[in-house]
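Please keep the sequence and the 3D view at hand.

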Amino acid sequence: MLNTDAINRRLSTTLTSPLLEKLCGREQQDFLAVVGALTLGILIFHGFPHVYFAIPFQLLVISYLVWPALLRQGPFWFVVFLFSSAALWLNWTHADNHKYLLCYWVFSLFLAFDNTIDRPAFLRRCARYLLFFTMMMAVVQKTLSPDYLSGDFFEFILMTDSRFSALGSLVTGMDGDIFSENRQLYVRALDPLLADQPTATLHSSEALHRLALVITWVNYVDQIAIAVMLLLPLSRRGEIFKHLLLMAFIIPVYAVAPVIGFGWLIIIWGYCLVPNEVAGLRLGYLGLFLLLCIYEFPWLSLLVYSP
């Protein structure tokens, strides 16, 4: 049986390793250093690809390497925010939704480092609001959508999105060539030069539809639970359960939907929300940060060939 008291004591105990203790972020300077470094990691590897952002940001990273204290300066994050906003403005038609959230988070860092406030507390509030509205608006959109709760959305994604094909093939036993043909049919249907051609039907199966329903409802219920728990005053045990629930959301979702930048951003918010009383949980989020690096490798395709 799970001994929650033992878990509480373990998570609140000071670690013997100085490095792990710093990574837990109990002290303000350690907390801010980890949050700043993780955010910088997202910007380097999954930031804003527009040339108007990339070149100035490379210069900022070089400046940080020469003078690490820049990461704790408000003007540094304000300049990053300006170039992030410009990149979004110039590429707004193709930018992923989480790029806007990343831009909001960079602005939060600017506000935190540019004022004489309780910076960890301010960043925790920002992380809570951003994570709550992310989850809540996702739930609202999915509830109002005519094709989400029925499973049709994920069934279509499984049929046509190469990032999900290996999962669909592995779980349902459908041949990888079927998914490849679905993608070709979908691309052809989008071609305006072929608009007068007969419409083809995508290949699916009952097993694929069941898989889509499972993904749909697990994702939906988990997001509702996380959003509700972010609003409630929780005991220490409740806090632990909330973070385990968020981790349980991150692990499977980003294994099959490798939008790594979004996953890293949620991990940073989770890290910020961990109370110091159970600071050991922050090491779990850092572990997930590294796990998502592994997810970038097409590991499912090693199990199922899916061109």
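Asp 152 is found in helix α8. Helices here are DSSP runs of H or I with at least four residues, strands are runs of E with at least two, and both are numbered from the N terminus. Asp 152 is partly exposed, with a relative accessible area of 40%. The scale is this: buried is under 20% relative accessible area, exposed is over 50%, and partly exposed lies in between, with a 1.4 Å probe and protein chains only. Asp 152 and Thr 216 are 64 residues apart in sequence. Their C-alpha atoms are 9.1 Å apart in space.

Pro 252 is found in helix α12. Pro 252 counts as partly exposed, at 44% relative accessibility. Asn 219 is 33 residues away from Pro 252 along the chain, and 9.6 Å separates the two C-alpha atoms.

## Basis of the model

This is a predicted model; local features need pLDDT of at least 70, side-chain atom pairs count only at pLDDT 80 or more, and totals for chains, interfaces and linings use all residues. Residues are numbered from 1 along each chain as its sequence is written, and side-chain values use heavy atoms, with hydrogens and water left out.

## Salt bridges

How many salt bridges does a search of the whole structure find? The search finds 3. The criterion is a side-chain nitrogen of Lys or Arg within 4 Å of a carboxyl oxygen of Asp or Glu. Arg 26 pairs with Glu 21, with the closest N and O atoms 2.8 Å apart. Both of these residues are buried. Lys 22 forms a salt bridge with Asp 30, and here the closest N and O atoms are 3.6 Å apart. Lys 22 is partly exposed, at a relative accessible area of 47%.

Lys 242 is buried, with a relative accessible area of 5%. Glu 239 counts as buried too, at 12% relative accessibility.

## The cavity

The structure holds 1 cavity of 30 Å³ or more. A cavity is a set of points on a 1 Å grid over the protein atoms alone where a 1.4 Å probe fits but cannot get out. The largest cavity has a volume of about 40 Å³. Volume means the space filled by probe spheres set on the grid points, which are joined across faces, edges and corners.

Which residues line the largest cavity? They are Leu 131, Ile 226, Leu 230, Lys 242, His 243, Leu 246 and Leu 273. A lining residue has an atom within 4 Å of a point. The elements that give two or more residues to this lining are α11 (206-231) and α12. Helix α12 gives the most, with 3 residues. The lining divides into 5 nonpolar, 1 polar and 1 charged. Nonpolar covers Ala, Val, Leu, Ile, Met, Phe, Trp, Tyr, Cys and Pro; charged covers Asp, Glu, Lys and Arg; the others, Gly among them, are polar.

## The largest pocket

About 1400 Å³ of space lies in the largest pocket. Of the 47 residues that line the largest pocket, the closest to its centre are Lys 142, Gln 223, Tyr 254, Val 259 and Phe 262. A pocket is an open set of grid points with protein on both sides within 12 Å along at least five of seven lines.

Helix α7 gives the most to the lining of the largest pocket, with 9 residues. This lining divides into 31 nonpolar, 9 polar and 7 charged residues.

## A nonpolar surface patch

Val 51, Tyr 52, Ile 55, Leu 59, Ile 62, Val 66, Trp 67, Trp 89 and Leu 90 make a nonpolar surface patch of about 1100 Å². Patch residues have over 30% relative accessible area and no salt bridge; like charges are joined within 9 Å, and nonpolar side chains (Val, Leu, Ile, Met, Phe, Trp, Tyr) within 5 Å. Accessible areas come from the Shrake-Rupley method with a 1.4 Å probe, and for residues only the protein chains shown count as cover.

Helices α4 (51-66) and α5 (74-90) each supply at least two residues of the nonpolar patch. Helix α4 gives the most, with 6 residues. Tyr 52 is found in α4. Tyr 52 counts as exposed, at 52% relative accessibility.
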